[in-house]
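Subject: Structure for you to look at

Hi,

Here is the structure I promised you. Please open it and keep it on screen while you read my notes.

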Amino acid sequence: MMDHARDLESVHLATERLLAAVGELDNAAVTDQSRLPGWTRGHVLAHLARNADALVNVLQGRPMYASAADRDADIERDAPRPLDAQLADLRASADRFRAAGAAPADWSRTVELRGGVTDSAARIPFRRWAEVGLHHVDLGIGYELEDLPAEFTRRETDFLAERFAGHADVAPTLLTDGTRTWRTGRAAAEPEVTVTGGAADLLGWLAGRRDGSALTVERGALPALPPL
């Protein structure tokens with residue numbers, strides 16, 4: 001069962017960590033390449049701000065984005081801004097998301113995200129936590145997957161393993177960090193491949209942030225995962 005109120009607080013704490021770290025940058029650093037191909041750090045920051053507003057739309061029953069083209073155009077428009085403008089926008093959009101999350105609502109209702117994807121409203125705060133946490137890592141400013149809270153790493157690994165479960169192009173796979181196990185890929189009585197590694201490395205591979213070279217693979221090759 002999702003605890004949306006607890007997740008909203010986790011979003012707030014993750015956002016404060018992000019704002020403090022970004023506040024140590026300068027204008028030149030904002031224009032440097034991030035770890036995401038084709039995106040500067042400014043693109044990542046602009047996306048985070050616009051995603052907060054998009055999730056407010058979701059919570060309030062509006063389309064997440066007017067269109068895919070509008071989403072991309074907004075990021076391109078906002079990416080070149082100086083650091084102070086990026087920080088002000090990040091904080092203001094985060095405050096709007098927090099206010100939307102604090103409003104009385106039926107958290108059991110189903111909401112619609114991009115591309116017709118639906119989810120429980122109660123999962124939206126965790127989705128925002130994922131955006132803030134993973135994109136903090138993507139900035140390449142000293143915050144790594146190993147720095148993410150253990151609860152987040154476990155839950156995001158749960159989410160991604162479930163996302164790829166039943167996917168026809170992913171071999172039936174058993175994942176383990178030595179303590180916990182997950183099943184993903186095509187449905188099968190037994191997994192074809194076993195992938196073992198540290199919690200951060202497993203999450204990094206599932207989330208497309210690491211190539212899986214630090215993982216140990218038995219009984220086959222490391223499966224190729226479809227893009228998120």
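Start at glycine 61. This residue follows helix H3, and its phi is positive, near 85°. Keep in mind that the model is predicted.

Now step back into the helix itself. H3 runs over residues 41–59, which makes 19 residues. From first C-alpha to last, H3 reaches 27 Å. That is close to the 27 Å expected at 1.5 Å a residue.

What sits at the N-terminal end of H3? Threonine 40 caps that end. One of its side-chain oxygens lies 3.2 Å from the backbone nitrogen of glycine 42.

Is H3 mostly covered or mostly open? Mostly covered: 19 of its 19 residues are buried. Buried here means under 20% relative accessible area.

Next, the empty space inside. Rolling a probe the size of a water molecule over the atoms shows where such space is left. The count comes to one cavity of 30 Å³ or more. The largest cavity has a volume of about 40 Å³.

Which residues line the largest cavity? They are Ala14, Arg17, Trp129, Val132, Gly133, His136, Tyr143, Leu148 and Pro149. Two helices, H1 (4–22) and H6 (124–138), each supply at least two residues of this lining. H6 gives the largest share, with four residues. By class, the lining has six nonpolar, two polar and one charged residues.

Best wishes

Definitions and conventions:
Residues are numbered from 1 along each chain as its sequence is written. This is a predicted model: local features need pLDDT of at least 70, side-chain atom pairs count only at pLDDT 80 or more; totals for chains, interfaces and linings use all residues. Side-chain values use heavy atoms; hydrogens and water are left out. On a 1 Å grid over the protein atoms alone, a cavity is a set of points where a 1.4 Å probe fits but cannot get out, and a pocket is an open set with protein on both sides within 12 Å along at least five of seven lines; lining residues have an atom within 4 Å of a point. Grid points are joined across faces, edges and corners, and a volume is the space filled by probe spheres set on the points. Ala, Val, Leu, Ile, Met, Phe, Trp, Tyr, Cys and Pro count as nonpolar, Asp, Glu, Lys and Arg as charged, and the others, Gly among them, as polar. The expected span of a helix is 1.5 Å times one less than its number of residues. Buried means under 20% relative accessible area, exposed over 50%, partly exposed in between (1.4 Å probe, protein chains only). A polar contact is a pair of N or O atoms within 3.5 Å; within protein, one must be able to donate a hydrogen and the other to accept it, and residues adjacent in sequence count only if both atoms are side-chain atoms.
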